[in-house]
Amino acid sequence: MDDGLLAAIAATAGTPVYVYDAGAIRARYAELDGALREDGARHHVHYSVKANSNAAILGVLRELGAGVDVVSGGELRRALAAGFKPEQVVFSGVGKTPSEIEDALRAGIGLINAESAAEIEAIACVSARLSAKARVGIRVNPDVTAETHPYTRTAERGMKFGVPLDEVIGLARRIRELPALDLASVGMHLGSQITGDAPYRAGAAKLGTLVAELRAAGITTLTSLDVGGGLGIAYADGEPALDPAAFADAVAPLGRATGLEILVEPGRYLVGNAGVLLTRVLYTKVSGGHRMLIVDAGMNDLLRPSLYQAVHPIWAVGARDAAATDVVDVVGPICETGDFLGLARRMPPARAGALLAVGGTGAYGFTMSSQYNSRPRPSEVLVDGEHWGVIRERESPEDLVRGEHGTPRWLA
Ligand code: LLP
């Protein structure tokens, strides 16, 4: 997306606004799908909806032939509304409620990944009540460390995710006793923003051994192996990123050796670098020697810099070639010191009214936004070739108080 287009979008749609490029999503999908195909893996890509759940983004991925990975009843609803077939849906997550499990079973989704023995009993209970058969998977905690932010590691011993490896066979035996359940899959999700293939190799080796053990224990119902998401991207030029060929090379042999279909659940990889957040400079200020650009987007719009100290590229739209002579903090309007989009950035001198773009915000940008400080959430725009259009209206002041009662709706 060139700067001229971004400036035109900001002028028409206002700021802050998220802008996504459909072509970039298609290119990424083709890259990953192609790498897995080249490696001869029978596979299916299940887009992880939490990265960006806008209906139009889901539509782009559905047209490409992707399935989805959902983690809540809300995401399940979105996926079905976007036209995904129930059998293309994998339901993950550590705390599914009985009503979410019921919705998933009534819809007839392809796979429910359970993360504990207690959850297996809950799924069995709901399926027995509905006289439905549930295809379940066990998400394994393989005890593999991925070098990523502590908040996005998930696969180490003692973490809340998955069933410890040494408990999986016992749980599989229990599932075999439950007539309402079929154990269709075992899987892992190692964490997020993983830029090397070593963790995938380590995890795949453990899953391979596990499949052999399950088969030796007489479990014959497996049809797939879920290797999770987490594929890392380069937020700026020159940063390390997971090479799709290396990823395919780490997981495809597992598919060939076991004869099972490999499920992959990328979120960020597909949409992260397909999006930018546009924001306008409201004021400039110098305080204690720090030069600041106070912009109209804050941590409620984009939480990643505040929560993970994530560094997103920021540029002045239309001034990419200008000399970057200033060092500035790009801060939001929210009453928190942690409210910043970027610190100590080299940029060309910018005045009030200047338009900035924050790159790499197609994943976990809008979906992690909030109304904190009673700020309406931003709008979203999709660019597709020659066209661009709004795919989510900016929230209105009325949206901020929807569902609230100034006088309590007394219940007792
Ligand atoms: N599958 C499962 C079971 C997951 O929990 C996740 C992400 C994914 C797939 C997709 O991961 P991805 O390919 O996008 O890395 N908010 C954080 C990321 C949290 C990811 C949570 N789980 C961030 O902004 O970096």
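Because the model is predicted, local features need pLDDT of at least 70 and side-chain atom pairs count only at pLDDT 80 or more, whereas totals for chains, interfaces and linings use all residues. Residues are numbered from 1 along each chain as its sequence is written, and side-chain values use heavy atoms, with hydrogens and water left out.

The largest pocket has a volume of about 750 Å³, the volume being the space filled by probe spheres set on grid points joined across faces, edges and corners. Its lining comprises 35 residues, and Lys50, Thr154, Phe161, His189 and Tyr364 lie nearest the centre; lining residues have an atom within 4 Å of a point. By class, this lining holds 11 nonpolar, 14 polar and 10 charged residues; here Ala, Val, Leu, Ile, Met, Phe, Trp, Tyr, Cys and Pro count as nonpolar, Asp, Glu, Lys and Arg as charged, and the others, Gly among them, as polar. Helix H10 (268–271) and helix H11 (304–308) each give at least two residues to the lining of the largest pocket, helices being DSSP runs of H or I with at least four residues, and strands runs of E with at least two.

Several polar contacts (pairs of N or O atoms within 3.5 Å) are found here. The side chain of Tyr364 places an N or O atom 2.6 Å from a ligand oxygen, and a backbone N or O atom of Gly267 is 2.9 Å from an oxygen of the ligand. A ligand nitrogen lies 3.3 Å from a side-chain N or O atom of Asp69. Of the 580 Å² of accessible area that the ligand has on its own, the protein covers 90% (Shrake-Rupley method, 1.4 Å probe).

The second largest pocket has a volume of about 510 Å³. It is lined by 25 residues, of which Tyr235, Asn273, Pro313, Trp315 and Arg320 lie nearest its centre. Helix H2 (22–38), strand S11 (275–287) and strand S13 (314–316) each contribute two or more residues to that lining.

Key:
A polar contact is a pair of N or O atoms within 3.5 Å; within protein, one must be able to donate a hydrogen and the other to accept it, and residues adjacent in sequence count only if both atoms are side-chain atoms. On a 1 Å grid over the protein atoms alone, a cavity is a set of points where a 1.4 Å probe fits but cannot get out, and a pocket is an open set with protein on both sides within 12 Å along at least five of seven lines; lining residues have an atom within 4 Å of a point.
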